[in-house]
Amino acid sequence: MIKSIIKYIKEVLGGLKSLLKGMRVTGYYISHPKEIITQQYPENKDTLKMFDRFRGEVILLHDENNEHRCTGCTACEVACPNGSIEIISERVLNPETGKKKKEIDKFIYHLSMCTMCNLCIESCPTDAIKMGRNFEHAVFDRSLLTSVLNRPGSKLAPGVED
Amino acid sequence: MSTEVVNEIKEQEYFINMGPQHPSTHGVLRLLLSLDGEIIKNVEPHLGYIHRSIEKMCEKDTYKMIVHLTDRMDYLSCHMNNEAVCLAVEKGIELEVSDRVKVIRTIMSELTRLSSHQLWWGVMGMDLGAITSFLYGFRDREMIIDIFEETCGARLTMNYNVPGGVMFDIPNNFQKRVKEFIIYFKKKLPEYDDLLSNNVIFKARTEGVGILSKEDAISYGVTGPSGRASGFSCDIRKQHPYSAYDRVDFKEILYSEGDCFARYKARIDEMWESMFIIEQLIDNIPEGSARETTRAVIKLPKGEFYQKVETARGEFGVYIISDGKKSPYRLKFRSPGFSTLNALNTMAKGSKIADLVAIMSTIDLVIPDIDR
Amino acid sequence: MKFDIYDFSVLTKSIHESLNSMMGETAVMISEMVIVGIIFLTLFAVLGLILVYVERKICAFFQQRLGPMRVGFWGTAQTLADLIKLLLKEPLITKNADKFLFNLAPFVLIIASFMAMAAIPFAKGLHAFDIDIGVFYITAISSIGVVGVLLAGWASNNKYSLIGAMRSGAQIISYELSVGLSLLTIIVLTGSLQFSEIIESQREGWWIFRGHIPALIAFIIFLIASTAETNRGPFDLAEAESELTAGFHTEYSGMKFAFFFLAEFINMFIVAAIGATVFLGGWMPLHFGALESFNAIMDFIPPIFWFFGKTAFIIFLMMWFKWTFPRLRIDQLLTLEWKYLLPINLINILVMAFFVLMGWYF
Ligand code: SF4
Ligand code: SF4
């Protein structure tokens, strides 16, 4: 009888102690506002830098002369698991040599289907494409997610094909 | 009322649809409960709400593409899923990866396991009504996710493994950051105990609830921490070591109770073990290439290849039947969650609705893993 | 008298007299009732808004977050914005719901807390309804609220709601006992059920200090039981969002949902106010017997601040509980009441009575 009463009291006190321990943990955080970890997103835009390897979107690199390195070999199109890349190329006559040469007309990229798997970047023999670090992709219309990556008037950088 | 009517009412079962949209099914799982007051008489899981036919998709994809699909199954142990496919493919083309790759893969796997268990801990608290733990779990997970982001560019669907190695070599400050994390998390993990493990209410909610016997665990194929909490020794890392697990020293966590609390403790202890494994490896990552060159389109020889790994939820297997082409003839995944879910009825019968929630969170289901 | 400067009865008396000089007795009575009603309605709304904001902020700080930050300075206008949103929402009623009871339920709940609020003494002379059985009145009125919960659960014709309502019925009926008995422990000391007298008896010191051990135990029991009675975590089984989606108010939307929400917060305020009044001396300033100058400084703080400060302290404790502990299961909830709180409480009353008999309190 006495034993069970002692056990009962121990149970109650032990229980209370464990509850207080839990309250100590939360109490610590409320009394240390410095520990707050959330960030205010649009306000911290200037300081928010994604890591170099961050995979946000596929971009086609252009240099200052509006030249890119894509030869239109479609290796990336083949490597893509879900058909996010479409290369439309055409044969243009080169006035200097007089030969017909393949050149990309449109490098179409469907962001809505892309899984950011990096396989296209890996497969590109000329390192023409890269993963961009932009992550703010929200738009109001789905069609806006499809874009042509080669800029108007851009052409293949010389020396890439050699 | 006439006796007939009374009897008819007695015979009618009280059905409740838990899900497909329900806060504690953690995804689109539908459970059909038949109740007697608050007591559960039967649980019937209904699947198919998030089926994406990943296995079928794999049959048209090349082996390199298959890897990134496995991210979408058990997204909390995506690295291990990737690894399983890569190991199976490497087996097929008889490629031996360098030691460096093996060690990196092991460290990343353990980090993934830690992050998965942290999230599970947070969600477990939330399911039992202690919402604060959810935020604390995410807080600690954030550090690992940041390491992942720096290493492979993605936070959740990492796609870091490729057949032949890893996609990128580790960044320069990888070791420093991982060590910082280990120091930090060793301080935070005891907090988990204070907040939940030792709490009387928590103990009362989990101890003796949802018992799964060892025999049942084996016959249902419940693996991972849930199986080991029932005394079923099933750690693939110990029994069929892959990557660098043969060169590290760690304990296989075994409990014999098989109740919710044992499953909970098994995971908490696994977090300590994971940190222990990482500590052994982090300082001696051997030099070597981080990626062997493979053919642009990998073709597996005719035959069958199987590889299993230990994910955060248990045994994950990849079974490839190849007919020598660039995509598999048939590919089958053995996902841990599917087997564990089958044991739910055995565990939950006779307990209360609130217990079902506790059971559901201690078996740690990820629905896309069950419903591929 | 020391606190005369803060005595509100001077103000109320002058209003009463000026009204008397203007009109007849019945008209005075009616107009006073209207004035008091309007004041309470405003107080009700303002308290609700403040409490919701405070709860969200405090919860955020417990969880290392910042909480609402967008609307107004540090998100202070957030609850107002939410209120406007709720007002503009379409009031949905499920097809097979019992429409009359469904619409009635939130009002039962809110009227119960409204009536309980009347008996709370806010400051000296600021007391709408100083009934001589105040404590009894409040415990009686506050249990009417459960009728609203039961109605809501039954009328919405949803299985989750029904389970939630049944749980809350069982819960409130059990915990009423503990709330009543823990208050009774202090009544043994005061010898009166009237709030103004209970406060007056604490002029020398608050009962929680003067009654030492038994009073402390009673206070802890009161805290636990009153948290349970207001359906707040860790006793929020009636809602239990991870089990029953939202329990008894699953089917409610718009303003009717807001009523449930508001009633929860007001009930929390009411129990905290009762706790503050009975255990912590209500609007009485903190006094220590011998320290004259200290007492004088304390007297300088207006009683209304004392009252709200103490209430806020208890509310903070209740929030601390909610954001730390896991939820209990229904059978454990009843075990806690019948196996732990009730026996401890009964013994505690006996001990207290013995102490009073022997004069072992300060
Ligand atoms: S990242 Fe992957 S999915 Fe996206 S375009 Fe490249 S290959 Fe296709
Ligand atoms: S981006 Fe690279 S892989 Fe793709 S078409 Fe151009 S050159 Fe070929």
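Predicted model: local features only at pLDDT ≥ 70, side-chain atom pairs only at ≥ 80, totals over all residues.
Chain A is divided into two domains. Domain 1 covers residues 2–35 and domain 2 covers residues 57–156. The C-alpha centres of domain 1 and domain 2 of chain A are 61 Å apart.

Two ligands can be described by the residues around them. Ligand 1 is surrounded by 14 residues, and the closest are A:Cys80, A:Asn82, A:Cys114, A:Cys117 and A:Cys120. By class, the shell around ligand 1 holds 10 nonpolar and 4 polar residues, with no charged residues. Ligand 2 has 13 residues around it, the closest being A:Cys70, A:Cys73, A:Thr74, A:Cys76 and A:Cys124. The shell around ligand 2 divides into 9 nonpolar and 4 polar residues, again with no charged ones. The named cysteines, such as A:Cys80 for ligand 1 and A:Cys70 for ligand 2, are counted in the nonpolar class.

The next topic is the interface of chain A and chain B. Here 26 residues of chain A are in contact with 35 residues of chain B. The area buried between chain A and chain B is about 2400 Å², and carbon and sulfur atoms give 56% of it. Three residues, A:Phe51, A:Arg53 and A:Arg55, supply 29% of the area that chain A buries against chain B, which is more than any other three residues supply.

Specific pairings can also be counted at this interface. Between chain A and chain B there are 2 salt bridges. The side chains of A:Glu122 and B:Arg291 meet in a salt bridge, with an N to O distance of 2.8 Å. Polar contact links 13 residue pairs across the interface of chain A and chain B, counting pairs with both residues at pLDDT 80 or more. On the side of chain A that touches chain B, helix H1 (2–30), helix H2 (75–79) and helix H3 (119–123) each supply at least two residues. H1 of chain A gives the most, with 9 residues. By class, this side of chain A consists of 13 nonpolar, 7 polar and 6 charged residues.

Chain B also meets chain C. In this case 25 residues of chain C are in contact with 34 residues of chain B. Chain C and chain B bury about 2500 Å² between them, with 57% of that area on carbon and sulfur atoms.

The pairings between chain C and chain B can be listed in turn. There are 2 salt bridges between chain C and chain B. B:Asp355 forms a salt bridge with C:Arg329, and the closest N and O atoms of the pair are 2.6 Å apart. The count of residue pairs in polar contact between chain C and chain B is 9, both residues being at pLDDT 80 or more. The elements of chain C that give two or more residues to the side touching chain B are helix H7 (159–190), helix H11 (241–244) and helix H15 (330–358). H7 of chain C makes the largest share, 5 residues. The side of chain C that touches chain B divides into 11 nonpolar, 6 polar and 8 charged residues.

Note on methods:
Residues numbered from 1 in each chain as written. Chains lettered and ligands numbered in written order. Heavy atoms only, no water. Domains from an automatic or database assignment. Contact = heavy atoms within 4.5 Å. Buried area = accessible area lost by both parts, 1.4 Å probe. Salt bridge = Lys/Arg side-chain N within 4 Å of Asp/Glu carboxyl O. Polar contact = N/O pair within 3.5 Å; in protein donor to acceptor, adjacent residues only side chain to side chain. Helix = DSSP H or I, 4+ residues; strand = E, 2+ residues; numbered from the N terminus. Near = heavy atom within 4 Å.
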